[in-house]
Amino acid sequence: MTDASKGGIWTVLGVIIIGTFITILNASLINIALPKMMAVFGVSLDSIQWVVTAYTIALGAVIPLSGYLSDLLGAKKLYIGALILFTLGSLLCGMAWSNSSMIAFRVIQGIGGGIIGPVGNAIIFRTVPPEKRGVAMGLYGVAAMAAPAIGPTLGGYIIANLSWRMLFYINVPFGILGIIAGIILLQEFPKRSPESFDMIGFITSTVGLVCIFYVLGKWTSIDWGEMEYPLLLILGIFSLILFVINELMHPHPLLDLRLFKLYDFTAWSVVMSVLSMAMIAVPYLVPIFLQNIMGYSAMQTGILLFPSAIATAIMMPLSGKLFDKWGYKAVMIPGLLLFVAVSYPLSFLNTNTSASTINILLVIRGFALGLVASPPITLAMNSVSKVMINQASALMNITRQIASTVSIALITTTLQHRIVLNSATISDQLTMTNPVTSDAVRTLQGVYSKGGLSASDTNGAAISTLMGLVQKQAYVDAIDYIFLMMLLVMVIVLVFVVFIDLPKYLRTQVQDSPNKKEAAY
């Protein structure tokens with residue numbers, strides 16, 4: 001029995017997995033519920049988006065506070081309290097009677113969800129010995145990968161056959177199970193009483209993250225002629241600059257940024273963040289491609305994506321075992337090579353690509369994801385002493401959250417820009433003097449004429465259809481362009497991982513050499 005549990009390290013892992021699973025599942029279900037909630041509450045798309053934005057803002061704002069609260073209250077109490085808050089928020093969301101009440105209850109959910117992630121990670125790393133952390137994080141990652149894969153299929157079924165409120169109620173029994181299991185199986189860690197509360201750090205981090213997440217969440221629909229958004233962006237950046245300065249000078253900072261002085265922690269945090277940004281492109285864009293271009297339903301899309309999640313779930317524990325036995329290069333380098341190999345054909349998706357081809361590519365990508373997802377987090381956290389685990393976990397989680405939010409904003413902006421650019425480029429080539437264009441128009445006119453349209457209407461219908469095909473092709477080309485950019489990012493990460501130990505090696509050589517000047521070269 002460890003000092004952290006009454007049932008052993010694997011039961012502790014099971015308790016944390018429950019909380020992780022329901023918070024991530026919730027995030028994957030909510031987008032499916034938005035159209036239904038728009039109709040039920042009678043609100044616009046801009047209004048209903050606040051249901052997502054409020055959760056993201058609350059989640060991001062509370063993460064920096066999680067390290068301090070863990071030290072003050074104890075990890076067990078805080079984790080169970082966060083799970084209670086998330087479960088209560090889920091119950092209230094299912095009972096929401098208006099868009100405003102839903103937004104308020106989503107804030108409650110977000111506060112609980114924002115604490116569950118970093119505190120759960122900290123409990124795992126304080127419970128599991130270093131030689132078993134690879135396997136532990138592999139098993140933990142199964143829940144993190146399974147939830148978003150199950151989400152679209154489960155959500156599609158619930159929307160089609162049950163009430164949309166079940167998308168929230170489904171969290172409640174799992175939450176209660178996690179609370180009871182946590183009370184019984186978790187044991188409190190020794191507390192580390194903070195000497196003072198960093199109020200300036202709390203205010204500046206909250207203001208900065210709320211402003212930045214709000215602006216990023218609305219990035220693609222922002223009218224920069226309105227002063228609200230530039231002012232919020234400036235306020236957010238200025239607040240975060242003040243936050244960084246304060247944290248580096250404060251004797252007891254809210255979020256100890258001095259952890260970035262540790263080479264391993266910083267290097268692997270960078271790898272984790274860049275991987276998070278690159279890997280989010282496929283789960284974000286493939287459903288758009290399948291539904292908007294190929295005409296798949298949400299449930300069909302979920303079914304197509306599910307095998308890749310199974311592949312990831314199979315590979316993550318195996319990756320953990322290989323990591324514990326052979327080190328990170330044995331899993332990271334093959335995984336990244338596999339990522340690069342599968343990303344290339346993904347950058348050539350088109351309307352003729354079969355579902356089976358997409359499925360095979362995604363399954364291969366699932367195996368690659370299972371290899372590379374956990375090691376950067378494990379390596380970063382392994383570089384930190386047990387006393388700083390709470391702080392390191394909070395720092396890792398807020399870094400990953402910012403990276404993911406920025407990535408989605410960049411991908412969406414790039415997608416829209418490339419669609420406009422591609423549409424203009426293709427349209428410039430489709431002139432009536434172009435034989436291909438004129439032949440296509442005549443063919444379409446013949447089809448519509450046989451369908452009963454008058455001669456005066458066939459031309460307009462043909463041109464309209466042709467422009468629709470242009471728009472669809474522009475959309476596909478934009479998605480392929482982003483996948484190609486992500487491929488290049490993966491290549492850079494691969495090179496970085498291969499040489500990540502080089503600075504440490506050179507530093508050791510300098511320290512060990514009798515002639516330090518020569519060794520430095």
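How many salt bridges does a search of the whole structure find? The search finds one. Here are some notes to go with your view of the model.

1. First, the ground rules. This is a predicted model, where local features need pLDDT of at least 70, side-chain atom pairs count only at pLDDT 80 or more, and totals for chains, interfaces and linings use all residues. Residues are numbered from 1 along each chain as its sequence is written, and side-chain values use heavy atoms, with hydrogens and water left out.

2. The salt bridge (a side-chain nitrogen of Lys or Arg within 4 Å of a carboxyl oxygen of Asp or Glu) joins the side chains of Asp256 and Arg258, at 3.2 Å from N to O. Asp256 is buried at 14% relative accessibility, while Arg258 is partly exposed at 25%. Here buried means under 20% relative accessible area, exposed over 50%, and partly exposed in between (1.4 Å probe, protein chains only).

3. Next, have a look at Thr204, in helix α8 (residues 199-217). Helices are DSSP runs (H or I, at least four residues), numbered from the N terminus. Thr204 is buried, with a relative accessible area of 10%. Leaving aside neighbours within four places in sequence, Thr204 is in contact (heavy atoms within 4.5 Å) with Ser239, Leu240, Leu242 and Phe243. The Thr204 side chain also reaches the backbone oxygen of Gly201 at 3.3 Å.

4. Finally, Met249 sits in helix α9 (residues 228-249) and is exposed, at 66% relative accessibility.

Methods:
Helix = DSSP H or I, 4+ residues; strand = E, 2+ residues; numbered from the N terminus. Polar contact = N/O pair within 3.5 Å; in protein donor to acceptor, adjacent residues only side chain to side chain.
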